[in-house]
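Here is a quick tour of a two-chain model, written for someone who likes cut-offs spelled out. Have a look at the structure first, then read on.

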Amino acid sequence: MLALQILIDGFAISSLYALGATGFTLIFGVSGVLNLSHGAIMVVAAVIAWWVAGTFGAGAYLGALAGVAAALACAFFTYSVIVRPIQNSGAIPKEEKEIFVLTGTLLWGIMLQEAVAYLFTDNPKTVRPLVDGVVMILGVRTPWNEILTAALSWGAIGLLYLLVNRTRTGKSLLAASMNPRGLTLLGFEMSNIYVLVWAIYGILAGIAGVLLGAFLGVSSANAGTLTASAFSIVVLGGLGSVSGSLIAAYVVGYLETMTAYLVSPSIRTVPVLLLLVLVVYLRPQGLLGRR
Amino acid sequence: MRITHKIGIASAAFGLAFAAPAARAADPIKIGVIAETSAISGVGIPNAAKMAAEEINAKGGVNGRMIEIVDYDDHSSAADAVRAFQRAAQQDKVAAVIASYISEVVLALEPWAGRLKMPLITPGAASNEITKRVHDDYDHMKYVFHGYLASTQLSDVVCEAGKALMVNDLKMKTAVIMSEDAAWTIPLDEEYVKCLPASGLKVLDHIRLSPDTTDFTPIFNKIEGEKPDVIVTGISHVGVQPTVQWQQQQVPMPMYGIASQATNATFWKDTNGAADGVIFNMVAAPDVAVTAKTIPFAKAYKEKYGSLPGYAAYQSYDEVFMWAEAIRKAGGTDPDKMVEAMEKTDYVGTIGRIEFLPKDNTFAHGMKIGEGYITGLMVQWQNGNPVTIWPANVATGKMVFPAFTKLPQ
């Protein structure tokens, strides 16, 4: 019974982690950017979804759509106003650009977080779930919303897989992550590819934010933790490896759930952090890292 | 031309030098408000204080001087609050401070109130430690007043109401305590463990959760496995998330106790209505005439700010009046005289009749609790509205629970 409960709850939360981390790792893989405003963008998506659904009586679906659109807008803004100017700048030495991007996105994330706290308070908001009610799975009472969260997460990841492996545009993304120079020589415009990858990122982060808001609830104060969680998953899985991130998301999700059930909910994240320290010591390239 | 100009300046300076003291007498009296303005329970503190100041000023102020509220955001951080407090005392020259609903913040400010001789009152923090320090070190800490119930007193209200509501009305026998790990819940839980059994509720388990918890599924599953009749809460930093997850997972036992976030009017909207059936404690509610001032205040607040006041707002509103009264009686803003005057407070505010306990009491400078003073209410979210359900003589409705709640037969 307890094992089944852990299995079900762990699956839902892990799927959500996987979705959140996929976009994060994709951006790194393709453009080498570690976007530290990731958590804040997820928070914006959730809060806008809550706001549109509640204040304008737009309903759960329109609200969710607005949330994803807000994340998309944030992602574009992050790229065009923060990341691209740094990458194109002649004044910043090449080897320092990564640090500038890190700092820039970190500060931008804090700005977003403070803006949300200022406009909507830092109290958690919960997005109205798309479906209500519960279902018994082998004796475990499971909210439909939890099942939907897992299904939608995997749906989005599945679509991404198809896009990357089956379409020409998607294949150019994959190529960009392997050899950007080669791609440029073949006549691809790198900046178009970057815009595309940020668009995909925005949509993924938006969906993850809205689902998280409906599943657990989100507050502006969570932005840092969400970034840290995506970061841990990506480091554990191997920087830039999407399949590594997926596996790592499940390792983290289940480790957390087991700790919460078997030890204590108040130290939920501690074993994951210990694991992360171990990985950095013993296998710095992560589970499926390429380096 | 040149000469007249110079004379002009000289006479202006001369005029200023003599006019200044006269102007100073009419300078406003500043009251500092340090609160968590982006937190749901905190934002009502400056809002309500400003309302009180406007009302006092409309009637001519205090000793001919207007009251001015200077507000500071502490971002729920003790360090920010201390900086704000120092600034309020040394730079902005406030006469008194109203601060915070977070015990950790108030406990950090307390020694500074002593050092800077700055009168301080909290409208919403609950830790017993606040008044204990006044009791233990009166000479240094006498500047601190506790304008809200201490944790132990909160537990006692919950237990007393629990005897009537849970044990007598609903025939409940067992409970699990679920509280967040924070300074204010340490004495709260200690008292729960003692007073719940005395009220007829056997405590099956006592769960303390991290205030950073976002996923409450494991906690609710654990509680459900222990099959209590009711979950007795002690939560303030968390609130929206456990409530929503309680409803989504259809946890079959009611949540009853202290839930500060639930006291705010926006709680219904923040939880998308998942709050339905949640029972929480307040000292004043918008639907109950605790005193003649309660309902008019709640109405005026809603008119001005668009939503009903959270729990700390009532106290904050009263506290501005009490400081004003103390300044009036003290004939000025000398801190020692203000403390002396404040100790003699006998004021009927929105939350009841307020008197402060003497320095030899364990809750020195805490409020007098009981019949005729501050009593406390239990309120339940029903269909979008907070409805007072206890005590019986002021109740405006009966308990109603969502369909998934299973009450003992």
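Is Glu355(B) buried or exposed? With a relative accessible area of 15%, Glu355(B) is buried, where buried means under 20% relative accessible area, exposed means over 50%, and partly exposed is anything in between (1.4 Å probe, protein chains only).

Before going further, some housekeeping. This is a predicted model, so local features need pLDDT of at least 70 and side-chain atom pairs count only at pLDDT 80 or more, while totals for chains, interfaces and linings use all residues. Residues are numbered from 1 along each chain as its sequence is written, chains are lettered from A and ligands numbered from 1 in the order in which they are written, and side-chain values use heavy atoms, with hydrogens and water left out.

**Salt bridges**

Back to Glu355(B): its side chain meets that of Lys368(B) in a salt bridge, meaning a side-chain nitrogen of Lys or Arg within 4 Å of a carboxyl oxygen of Asp or Glu. Lys368(B) and Glu355(B) both lie in the loop between strand E12 (353-354) and strand E13 (377-382) of chain B, so the pair ties together parts that are 13 residues apart in sequence. (Helices, H or I with at least four residues, and strands, E with at least two, are DSSP runs numbered from the N terminus.) Lys368(B) counts as partly exposed, at 26% relative accessibility. Both residues also belong to a network of salt bridges that links Asp346(B), Arg353(B), Glu355(B) and Lys368(B).

Over all chains, the structure holds 18 salt bridges. Here are some of them:

| Salt bridge | N to O distance |
|---|---|
| Lys368(B) and Glu355(B) | 3.2 Å |
| Asp189(B) and Arg208(B) | 2.7 Å |
| Glu256(A) and Arg268(A) | 3.1 Å |
| Asp270(B) and Lys125(A) | 3.7 Å |

Take the pair of Asp189(B) and Arg208(B), which form a salt bridge. Asp189(B) sits in helix H8 of chain B and Arg208(B) in strand E7 (residues 202-209) of chain B, so the pair ties together parts that are 19 residues apart in sequence. Asp189(B) is buried at 2% relative accessibility, whereas Arg208(B) is partly exposed at 24%.

In chain A, Glu256(A) and Arg268(A) meet in a salt bridge. Glu256(A) is in helix H10 of chain A and Arg268(A) is in the loop between H10 and helix H11 (270-282) of chain A, 12 residues apart. Both Glu256(A) and Arg268(A) are buried.

**Where the chains meet**

The size of an interface is often given as the accessible area lost when the parts come together. Here, the area buried between chain A and chain B (accessible area, 1.4 Å probe, that the two parts lose on being put together, summed over both) is about 2,600 Å², and carbon and sulfur atoms give 47% of that. In terms of contact (heavy atoms within 4.5 Å), 32 residues of chain A touch 29 residues of chain B. Three salt bridges run between chain A and chain B, and the one in the table between Asp270(B) and Lys125(A) joins these two chains.

Which element gives the largest share of the side of chain A that touches chain B? That is H1(A), with three residues.

**The disulfide**

One disulfide turns up over all chains, a disulfide being a pair of cysteine sulfur atoms within 2.5 Å. Cys159(B) and Cys195(B) form it, with their sulfur atoms 1.9 Å apart. The torsion about the S-S bond is about 60°, so the disulfide is right-handed. Cys159(B) lies in helix H7 (residues 151-169) of chain B and Cys195(B) in helix H8 (residues 185-199) of chain B, so the pair ties together parts that are 36 residues apart in sequence. Cys159(B) is buried at 3% relative accessibility, and Cys195(B) is buried at 10%.

Leu165(B) and Trp390(B) are 225 residues apart in sequence, yet 7.8 Å apart in space, C-alpha to C-alpha.

Helix H10 (residues 240-248) of chain B is mostly covered, with eight of its nine residues buried; among them are Trp246(B) and Pro242(B). Just after H10(B), Gln250(B) takes a positive phi of about 50°.
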